[in-house]
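Open your viewer and get ready to click along. Below is a short walk, one selection at a time.

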Amino acid sequence: MVIYTVGGILAVAAVLALYRAVRGPSILDRVLALDVVLAIIGAGLVVSMVANRHLDNLILLVAISLIGFIGSVTVARFVTDRK
């Protein structure tokens, strides 16, 4: 029951973040929204690993987290350099 509740909350959060990514007025809003989507995907992988009691997706989780971090830092440096 808890797994379905958490999955529903993550699904609603993903839809809202994707809406912000499409609708966002600036590039920073879009990048932040896509970073949130990556975090939600990571949270979904963690919920799946906890529910099924395995660590099969751990490397995928680390890769997604690393991509999100590097992407956010890159965009932040790009925006800082432009100003």
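Predicted model: local features only at pLDDT ≥ 70, side-chain atom pairs only at ≥ 80, totals over all residues.

Residues are numbered from 1 along each chain as its sequence is written, and side-chain values use heavy atoms, with hydrogens and water left out.

**Stop 1: α1 and α2**

Select residues 2–23, which make up helix α1, and then 27–52 for α2. Helices here are DSSP runs (H or I, at least four residues), numbered from the N terminus. The axes of α1 and α2 come within 8 Å and cross at roughly 165°; axes are lines fitted to C-alpha atoms over the stretch in contact, and angles run from 0 to 180 degrees between N-to-C directions. The two helices α1 and α2 are therefore roughly antiparallel to each other (the label applies to angles over 145 degrees). Look at how α1 passes α2: the crossing is left-handed, a term for a near helix turned anticlockwise from the far one by less than a right angle.

**Stop 2: α2 and α3**

How far apart are the axes of α2 and α3? They are 10 Å apart, and the packing angle is about 165°. So α2 and α3 are also roughly antiparallel to each other, and their crossing is left-handed.

**Stop 3**

Click Leu45 in helix α2. Is Leu45 buried or exposed? Leu45 counts as buried, at 13% relative accessibility (buried means under 20% relative accessible area, exposed over 50%, partly exposed in between, with a 1.4 Å probe and protein chains only). Draw a C-alpha distance from Leu45 to Val2: these residues are 43 apart along the chain and separated by 15 Å.

Now pick Val46, also found in α2. Val46 counts as partly exposed, at 34% relative accessibility.

Then go to Arg30, in helix α2, which is partly exposed at 30%. The C-alpha atoms of Arg30 and Gly7 are 23 Å apart, for a separation of 23 residues along the chain.

**Stop 3: the salt bridge**

A search of the whole structure finds one salt bridge, and Asp29 forms it with Arg20, the closest N and O atoms being 3.5 Å apart. The criterion is a side-chain nitrogen of Lys or Arg within 4 Å of a carboxyl oxygen of Asp or Glu. Asp29 is partly exposed at 24%, and Arg20 is partly exposed at 37%.

**Stop 4**

Most residues other than glycine have a negative phi. Arg53 is not a glycine, yet its phi is positive, about 55°. Arg53 is exposed, with a relative accessible area of 78%.

**Stop 5: Val73**

Finish on Val73, in helix α3. Val73 is partly exposed, with a relative accessible area of 34%.

Key:
Parallel < 35°, antiparallel > 145°, perpendicular 65-115°, else oblique.
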